Each structure stands twice: as structure tokens, then as C-alpha cells.
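User: I am new to this structure and would like to learn how its features are read. Please take me through them one at a time.

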Amino acid sequence: YVATGDGYGYEVSDGFWGGTYSAGVLMSPDAGLTWQQSGLSYSQTNSEIIQRIVVKPDEPEVLLASTRNGLFRSSNSGQSWTMVRPGHHFDIEFHTARPDTVFATSESQLIASYNGGATWTVLQSNLCSGRLSLALTPANQNRIYLLCEDETLYRSDNLGVSVQTMTDPTAANLYGFYDAVLAVSPTNANVVICGGADIARSVDGGTTWTAIGSNVHPDQHYIEYQNGSGQILYSCNDGGIYRSANGGGVWTDISNGLSIKQYYALAMSASDPTVIYAG
């Protein structure tokens, strides 16, 4: 399943800065060789944005998609979808041990479902305004991290019943709504990675932060640890995909061969028409 469009582009007076609106969720029945539309489909005139799509670990026919106009659920592998909660929603994460338990964020709220996303309960309100990211870890099944686009960081050690404010990860240089991503080590619940324009790491549960990844391209849009590894992680950013094999100390650009560049501007030489610059 692929949620199309630029989920974190900006709308400004002259249009949608950053990319295209969503065409909906696409499905591939053959591991990506061919694609077809799902029951959640949009045209560009709908001006829709999909922020996240997840698949239920023990029931792959159940999907959840967060959009700016509602949280949607499918129980038939994407053929049809039902809005289970109105409003702008951002992140979604299933509990690492209990697949019927799933957490999501809306503007200022942490919400939870205990029946696979069918119904939802508000756990925390008034956390912040705008984008709210979350991360869980099998290393501590009661812990949740929450990151606001204004750099406020929260931590819960009781699955959202209460939260405490931690130190802002200012070393990550968050760029507001555009990039505010979190990842937690699956082997150590105190090791947290925050991605903004840059990358920062905490090894004490969000109390202190250190800048890492000085050679990584700016604007991180997704950071993920390899399953079961506390050392191997990947960052998807405006420059492609980077990989670290030592917990974020050293990074390698592994984007070679991927035709995924998004050009913002192009110019031709006035003296030599065969010369073109694009960025």
C-alpha cells in the first residue's frame, strides 16, 4: 500500500508548495510490480493530504489512514474505507505487543483505540497545536514519545495515561510542520532519534540531546530502525535515503539508482543552450 502525495507540503497564497496533493491510497497485489487504486481515491481538485498509512500486524486486511479530513479504516484490504474519526490526524502506531491497541495523534491530542481502530478514546488534550508525531518501542511496552512541530517533546511511561514534558530537541532544528519525525531504539527505550532539518539523538529518554549526522542531507521526513536492531537505522530526507550501522554516528547515502528527486527550479544557460541547471 502507498499513500500518495506530499503529506507535509505547505499551502501558500500561490498554491501547494512542496509537491502534489494526494491521489489516495494505491495497492499492489504483486509486491510493487503493478498498481491499482483503492477505495480511498482523490483527484487533485480535492486538495487532500494523507499523513500516514499503517497495516494491522495480525490482520493485514485492516488498514488505517490519517488524513487532514479524518481518520479512515478499511477492513477489506483497502477496497472500501470508513471514517472512524473526523478532523486532521497525523501519526498512527500500533502497540508493539498488542495489535488491537493502536495510538494516533490529531491536532493537540493523543488518542487510542483498543479494538483495532474501530473506535477511539482521547488520552491527552491540549498538547500543542499543529503536527504531532509519536513513537513506541518494544524495549518498553508502556512508553510513548510525542513530538510537536514547535519542538515540544513529551514522554509517557504509562501508555498515555499521563505525560511529562522533556527537553526540546533543538539540535534537530525542526522546520515546523514540514519535518518533525521520531524513532526509538527497539532495544533501548532511552535512545531516541529526532529528525528535523538535522538529526539529534538522546540516550537518556529525552533529557539531553546531541546533534548527529552532520553529513546527512537536510529535512528528515521519516526515520526508522531496522527491526530488532538498536544500531541500524534509516533516514528518508530531501536528499534520498541514508543508512547508519552504528546508531546514527556515521551515515551513508544509499540513494544511488533511485529516481526520486523532486526538482524545485530549472534554468538554462544564456550563452550555451545545451547547459541546464536544476536543483
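**Cysteines and the disulfide**

Analyst: Let us begin with C236: its sulfur is 15 Å from the closest cysteine sulfur, that of C194, which is too far for a bond. A disulfide here is a pair of cysteine sulfur atoms within 2.5 Å. The model is a predicted one, in which local features need pLDDT of at least 70 and side-chain atom pairs count only at pLDDT 80 or more, while totals for chains, interfaces and linings use all residues. Residues are numbered from 1 along each chain as its sequence is written, and side-chain values use heavy atoms, with hydrogens and water left out.

User: Is C236 buried or exposed, or does it lie in between?

Analyst: Burial is read from relative accessible area: under 20% is buried, over 50% is exposed, and partly exposed lies in between (1.4 Å probe, protein chains only). C236 has a value of 29% and is therefore partly exposed.

User: How many disulfides does the whole structure hold, and which cysteines form a disulfide?

Analyst: A disulfide is a covalent bond between the sulfur atoms of two cysteines. A search of the whole structure finds one. It joins C128 and C148, whose sulfur atoms are 2.2 Å apart. The angle about the S-S bond is -95 degrees, and the link of C128 and C148 is left-handed. It connects distant parts of the chain, 20 residues apart: C128 is in the loop between β13 (121-124) and β14 (132-137), whereas C148 is in strand β15. Strands are DSSP runs (E, at least two residues), numbered from the N terminus.

User: Are C128 and C148 buried or exposed?

Analyst: C128 counts as buried because its relative accessibility is 11%. C148 is buried as well, at 0%. C194 takes part in no disulfide, and the nearest cysteine sulfur, in C148, is 11 Å away. C194 is also buried, with a relative accessible area of 0%.

User: Which residues of the largest nonpolar core touch the most other members?

Analyst: A nonpolar core is a set of buried Ala, Val, Leu, Ile, Met, Phe, Trp, Tyr and Cys residues joined through side-chain atoms within 4.5 Å. The largest has 14 residues, and those touching the most other members are L147, L153, L174, L182, V192, C194 and W209. Strands β15 (140-148), β18 and β19 (192-195) each supply at least two residues of this core. A second, separate core of 13 residues includes F103, C128, L134 and L136.

User: What is L174 in contact with?

Analyst: Contact means heavy atoms within 4.5 Å. Apart from neighbours within four places in sequence, the contacts of L174 include L147, C148, P169, A180 and C194.

User: How do β1, β4 and β5 pair?

Analyst: Strand β1 (residues 2-3) runs antiparallel to β4 (residues 24-27), with two bridges between them; V2 stands opposite L26 of β4. Strand β4 is also joined to β5 (residues 36-41), again antiparallel, through three bridges. There G24 has S41 of β5 as its bridge partner.

User: What does the side chain of S156 reach?

Analyst: A polar contact is a pair of N or O atoms within 3.5 Å; within protein, one must be able to donate a hydrogen and the other to accept it, and residues adjacent in sequence count only if both atoms are side-chain atoms. The side chain of S156 makes such a contact with the side chain of N158 at 2.9 Å. It also reaches the backbone oxygen of S162 at 2.8 Å. S156 lies in strand β16 (residues 153-156) and is buried, because its relative accessibility is 0%.

User: Which residues have a positive phi although they are not glycines?

Analyst: Among them are S108, with phi of about 85 degrees, and D219, with about 70 degrees. S108 lies in the loop between β11 (102-106) and β12 (109-113), and D219 in the loop between β21 and β22 (220-225). S108 is buried at 16% relative accessibility, as is D219 at 15%.

Terms used. Helix = DSSP H or I, 4+ residues; strand = E, 2+ residues; numbered from the N terminus. Pairing = 2+ DSSP bridges.
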